[in-house]
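Here is a short briefing on one protein chain. Look at the sequence and the structure first, then work through the points below.

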Amino acid sequence: VCEIVWTVRDGWIVPDRIIKRRSERFVFVQPDAHLPPELRLLTAGNLVTGEPLPDRKFIVHRVNAEDDNPYGNGLGAQSYWPVFFKRMGIVAWNKLIDRFGTPTRVGKYPANASPKEKSTLLAALQAFAQDGSIVIPEGTSLELLESKLTGGVSTHAELCRYMDAWLDAVWLGKETADGSGGAQAAAAKERSDVRLAITKGDADLLSGTLNATLIKWMCELNGWQPCLVYRQIKEEIDLKAESETDKNISDMGFELSEEGARAKYGEYWSRKKASTPADPTATPPQQGDPASFSENQPAAPTADLD
């Protein structure tokens, strides 16, 4: 939920700021069964149905919103369970490492031991986990119980990897594929295509929200003609592959126009100027003997001493 702070600039009513607000402060209420649910602000005086909001003041972006679910279904709801299971798996994994990574401390006391002696032994066990030297009463014993677990334990790691793949499928549209070589390159290309499609879909949803709220309200307040905005989402062009294609076509006898080259590779490109060939009939410039230096120059006049 975003709040629009309107202002007047150069004679036009335009947004000065768009402030993001906490979604917990708002609620959707349907006061009339024949009208769609409306957004309301929860206040101290009304914590259930909230207070009505002024028109053209708040923007709310939702995904897959319906009359029975006006809040929509975002990625957070789809990611809840994999995140929950992964966190619980990591907690169990750490407990397993702590239990089987170090021996368990066991204290034994006589059958007629008093509660004070039992507490003393328990304190000694706790101190043994931190210090190397301890003192225990006579008649009690302290041992280390080694774990009997053999082999590798990969259950928890597999659980975490499975949840990571689940999250990749939710956020990126496809699980991360393992492998190498051509299979990995093909999987990476496929993931890139899926991410591009998801990005286009998200851009269309955002543009739809802006066109239905902010852009529409600006046109209504200023008396403009209705207009729309949209985002151009496309894959980045591989200029190396494009240049190789252009070279191959040029070898076939075709020529790329200067306007086409600028549109594809940048506006600062221009064709090279053709160099002027030398005239073979022209007389080369005369040059003096390079070994004569200044001896062939006329001598400077000398003064008459008489």
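Helices (H or I, at least four residues) and strands (E, at least two) are DSSP runs, numbered from the N terminus. The chain as a whole has a mean pLDDT of 80, and 76% of its residues reach 70 or more.

This is a predicted model: local features need pLDDT of at least 70, side-chain atom pairs count only at pLDDT 80 or more, and totals for chains, interfaces and linings use all residues. Residues are numbered from 1 along each chain as its sequence is written, and side-chain values use heavy atoms, with hydrogens and water left out.

**Strand pairing**

- Strand 3 and strand 4 pair in the antiparallel sense, over four bridges. Two strands pair if DSSP finds at least two bridges between them.
- F26 stands opposite L41 in strand 4.
- Strand 4 also pairs with strand 5 (residues 46–52), in the antiparallel sense over three bridges.
- A hairpin of two residues joins strand 4 to strand 5. T43 has N46 in strand 5 as its bridge partner.

**Nonpolar cores**

- Which residues make up the largest nonpolar core? The seven are V1, F26, F28, L39, L41, L53 and F58.
- A nonpolar core is a set of buried Ala, Val, Leu, Ile, Met, Phe, Trp, Tyr and Cys residues joined through side-chain atoms within 4.5 Å. Buried means under 20% relative accessible area, exposed over 50%, and partly exposed in between (1.4 Å probe, protein chains only).
- Another core, of six residues, lies apart from it; I4, L214, W217 and M218 are among them.
- Leaving aside neighbours within four places in sequence, F28 is in contact (heavy atoms within 4.5 Å) with P37, E38, L39, V60, R62, P70 and Y71.

**Salt bridges**

- The structure holds eight salt bridges. Each is a side-chain nitrogen of Lys or Arg within 4 Å of a carboxyl oxygen of Asp or Glu.
- K57 forms one with E3, with the closest N and O atoms 3.4 Å apart. K57 lies in the loop between strand 5 and strand 6 and E3 in strand 1, so the pair ties together parts that are 54 residues apart in sequence.
- Is E3 buried or exposed? E3 counts as buried, at 15% relative accessibility. K57 is partly exposed, at 22%.
- E220 forms a salt bridge with R56, and their closest N and O atoms are 3.0 Å apart. This pair links distant parts of the chain: E220 is in helix 5 (residues 214–222) and R56 in the loop between strand 5 and strand 6, 164 residues apart.
- Salt bridges that share partners join E3, R21 and K57 into one network.

**A loop residue and a helix**

- N73 is found in the loop between strand 6 (58–59) and helix 1 (75–101). With 34% relative accessibility, N73 counts as partly exposed.
- Leaving aside neighbours within four places in sequence, N73 is in contact with V63, N64 and Q78.
- Helix 6 (residues 239–251) has 13 residues and reaches 18 Å from its first C-alpha to its last, close to the 18 Å expected at 1.5 Å a residue. The expected span is 1.5 Å times one less than the number of residues.
- G253 follows helix 6 and has a positive phi, near 110 degrees.

Terms used: pLDDT is the predictor's confidence in each residue, from 0 to 100.
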